[in-house]
Amino acid sequence: MSSSQNVYHLASIISINGDKGEVQIIQQSACGKCHAKSMCAMSDMKEKVIEVSFPAHQNFSVGQQVTVVLARKLGSKAVVLAYLLPFIFMMFALLLVFSITKNELAAGLSAIGILVPYYLILSLFNKHFKKEYEFRVIN
């Protein structure tokens with residue numbers, strides 16, 4: 001369930017610790033809601049546990065069904081950081097090293113190796129990303 005501005009998921013509360021807690025989301029593929037899913041091997045359901053923020057003025061209990069929300073633009077930004085930029089860096093390293101050395105092995109290894117510092121730098125900003133990419137409970 002989604003709108004143009006936000007992404008919504010139904011979830012079940014697993015734990016509560018002050019204004020933070022964990023909820024379990026069941027992600028379903030498009031065919032997960034099909035009436036024939038029990039006979040089909042294509043149906044796909046995944047359970048995910050995520051950390052959320054609870055509104056201070058409401059009381060929640062473990063096991064309660066809630067709706068969690070995340071801004072849609074943050075999902076696009078995450079795709080850019082996790083997939084697009086690493087791909088661009090890999091291609092740049094591959095082409096640069098191959099044009100200099102004419103060695104495919106060195107070019108391939110450098111393309112893979114460029115990911116190590118990239119993801120290390122991303123991990124340094126982990127606290128920032130946790131604040132920015134925060135799911136909120138809305139009911």
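The following paragraphs lead through a predicted model of one protein chain, from its overall architecture to selected residues.

Because the model is predicted, local features require a pLDDT of at least 70 and side-chain atom pairs count only at pLDDT 80 or more, whereas totals for chains, interfaces and linings use all residues. Residues are numbered from 1 along each chain as its sequence is written, and side-chain values use heavy atoms, with hydrogens and water left out. The pLDDT is the predictor's confidence in each residue, on a scale from 0 to 100. Its mean over the protein chain is 81, and 83% of the residues reach 70 or more. Confidence is highest in helix α2 (residues 104–113), at a mean of 96, and lowest in β5, at 77. Where pLDDT is low, the predicted coordinates should not be read in detail.

The protein chain contains four helices and five strands; these are DSSP runs numbered from the N terminus, with H or I over at least four residues for helices and E over at least two for strands. Along the sequence, the elements follow the pattern β-β-β-β-α-α-α-α-β. Contact means heavy atoms within 4.5 Å. Of the contacts in the protein chain with a separation of 6 or more, 65% are between residues 24 or more positions apart. Among the 139 residues, 22% count as buried, where buried means under 20% relative accessible area, exposed means over 50%, and partly exposed lies in between (1.4 Å probe, protein chains only).

Strand β4 (residues 65–71) is largely enclosed by the rest of the structure, because five of its seven residues are buried. Strands pair if DSSP finds at least two bridges between them. β4 pairs in the antiparallel sense with strand β1 (residues 6–17) over seven bridges, and A71 of β4 is the bridge partner of N6. β4 also pairs in the antiparallel sense with strand β5 (residues 135–137), over two bridges; here R136 in β5 is the bridge partner of V69. Within β4, T67 is buried, with a relative accessible area of 10%. Beyond its neighbours within four places in sequence, T67 is in contact with Y8, H9, L10, R136, V137, I138 and N139.

The loop between β3 (45–53) and β4 holds V62, which is exposed at a relative accessible area of 55%. V62 and S12 are 50 residues apart in sequence, with a C-alpha to C-alpha separation of 7.8 Å. Leaving aside neighbours within four places in sequence, the contacts of V62 are I13, I14, S15 and I16.

Helix α1 (residues 72–101) includes I88, which counts as partly exposed because its relative accessibility is 43%. I88 belongs to a nonpolar surface patch together with V80, L84, F87, F89, M91, L95 and I114, and the patch has about 680 Å² of accessible area in total. Patches are made of residues with over 30% relative accessible area and no salt bridge, joining like charges within 9 Å and nonpolar side chains (Val, Leu, Ile, Met, Phe, Trp, Tyr) within 5 Å; a salt bridge is a side-chain nitrogen of Lys or Arg within 4 Å of a carboxyl oxygen of Asp or Glu. In the loop between α1 and α2 lies K102, which is exposed at 60% relative accessibility. K102 has a positive phi of about 60 degrees although it is not a glycine.

Conventions:
Accessible areas come from the Shrake-Rupley method with a 1.4 Å probe; for residues, only the protein chains shown count as cover.
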